[in-house]
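Subject: Structure handover

Hello,

Here is the structure I promised to pass on. Please open it first, then read my notes below.

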Amino acid sequence: MNKNVKVQVTHLTKKFGELLVLNDVSFDVYDGEFLCIVGPTGCGKTTFLNSLTHLYEPTSGEILFKGEKIDLRKHDIAYIFQEYSAMEWLTVKENVRFGLELKKQYKGINEKVKDALELVGLTKFADYYPRQLSASMLQRVVIARAFATQPELLLMDEPYGQLDINLRFRLEDEVVRLCKQTKTTVIFITHNIEEAVYLGDRILVLTNKPTSIKEIVTDELPHPRDIAAPEFVEMRNRITDLIKWW
Ligand SMILES: Nc1ncnc2c1ncn2[C@@H]1O[C@H](COP(=O)(O)OP(=O)(O)OP(=O)(O)O)[C@@H](O)[C@H]1O
Ligand SMILES: [Mg+2]
């Protein structure tokens, strides 16, 4: 793996009033890396992403993208939120198209929309409105919208929580394939340790609040990974041990 640093987090601290959430967190995300972050509920995973995208200002410390303060208008970053965020007044197809238009990616746009809908299995629902879809279908619209743009940095906050196991497995394989192919850097947040071991190049394990880094585990198991392989089970157990005291 190329060890150029893409995202640099230094001494990041975030307080909400008296509540200390992120407590002096520092780590790097490398170019083209798939970094999974696992941590207990309420430890500040979403807060971290919100600090990265400047929804919140850090109390102290900073996050840089390619050495610069992050600017979402300038930097090619896409994110998939924990709660789905499809636009109600646009059809499925138009929602995906909107993401591409926002990034001014007009070239081959119809083809890109079609491919993204195919990927998430929503081709037949292209002309439906969000209110006509189930929660998992809505989440797939948002995933298609982010994937279609092939961003340089993809932020995913529990993106597959709503999906059934078949679809989750399919999209996990697809996200790995796409990200390796396009050399996308990914920060992927999940509660699911097996999912983290299946997807990640590294797995960053957070502590409970006030939150710091418990350990960063390197995962060099070859793809496609076999969740029943002894090395896989061993790594999963090791991470489970790290977080037993949550
Ligand atoms: N805007 C806010 N104002 C005040 N407190 C907040 C705000 N956003 C988050 N918090 C608090 O910060 C802590 C971390 O919240 P956050 O949503 O980042 O956790 P999380 O790790 O994403 O949890 P989950 O796994 O449940 O998604 C929580 O205690 C939460 O109550
Ligand atoms: Mg969260």
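In what order do the strands of the open sheet of 4 strands run, and with what pairing? The order is E2-E1-E4-E5, and the pairing is antiparallel. Please keep in mind that this is a predicted model.

Start with that sheet. Its edges are strand E2 (19–30) and strand E5 (68–69). Each of these two pairs on one side only. Further in, strand E1 (residues 5–16) meets strand E4 (residues 60–65). These two are antiparallel and share 5 bridges. One residue to look up is Val9, whose bridge partner in E4 is Ile63.

Now the other sheet. This one is also open, with 6 strands in the order E6-E7-E8-E3-E9-E10. Its pairing is mixed. Strand E6 (77–80) and strand E10 (213–218) form the edges, each with pairing on one side only. On average, neighbouring strands here are turned by 15° against each other, direction ignored. Strand E3 (residues 34–38) and strand E9 (residues 202–206) run parallel, joined by 4 bridges. Within that pair, Cys36 is opposite Ile203 in E9. Helix H4 packs on this sheet and touches E6 and strand E7 (153–157). The direction of H4 makes about 170° with that of E6.

In soluble globular proteins, nonpolar side chains tend to be buried together. The largest nonpolar core in this model has 62 residues. Which element gives the most to this core? Helix H4 (residues 135–148) does, with 9 residues. The residues with the most contacts inside the core are Leu35, Cys36, Val141, Ala144, Leu155 and Phe188. Neighbours within four places in sequence aside, Phe188 is in contact with Phe34, Leu35, Cys36, Met156 and Leu199.

Last, the ligand. Which residues are around ligand 1? They are Phe16, Val21, Gly39, Thr41, Gly42, Cys43, Gly44, Lys45, Thr46, Thr47 and Gln82. By class, this shell has 3 nonpolar, 7 polar and 1 charged residues. Helix H1 (residues 45–52) supplies the largest share of the shell, 3 residues.

Best wishes

Methods
Residues are numbered from 1 along each chain as its sequence is written. Chains are lettered from A and ligands numbered from 1 in the order in which they are written. This is a predicted model: local features need pLDDT of at least 70, side-chain atom pairs count only at pLDDT 80 or more; totals for chains, interfaces and linings use all residues. A nonpolar core is a set of buried Ala, Val, Leu, Ile, Met, Phe, Trp, Tyr and Cys residues joined through C-beta atoms within 7 Å. A residue is buried if 20 or more other C-beta atoms lie within 10 Å of its own, exposed if 12 or fewer, and partly exposed in between; C-beta atoms are placed from the backbone. Two residues are in contact if their C-beta atoms, placed from the backbone, lie within 7 Å. A residue is near a molecule or strand if its C-beta atom, placed from the backbone, lies within 6 Å of it. Ala, Val, Leu, Ile, Met, Phe, Trp, Tyr, Cys and Pro count as nonpolar, Asp, Glu, Lys and Arg as charged, and the others, Gly among them, as polar. Two strands pair if DSSP finds at least two bridges between them. Axes are lines fitted to C-alpha atoms, for helices over the stretch in contact, and angles run from 0 to 180 degrees between N-to-C directions.
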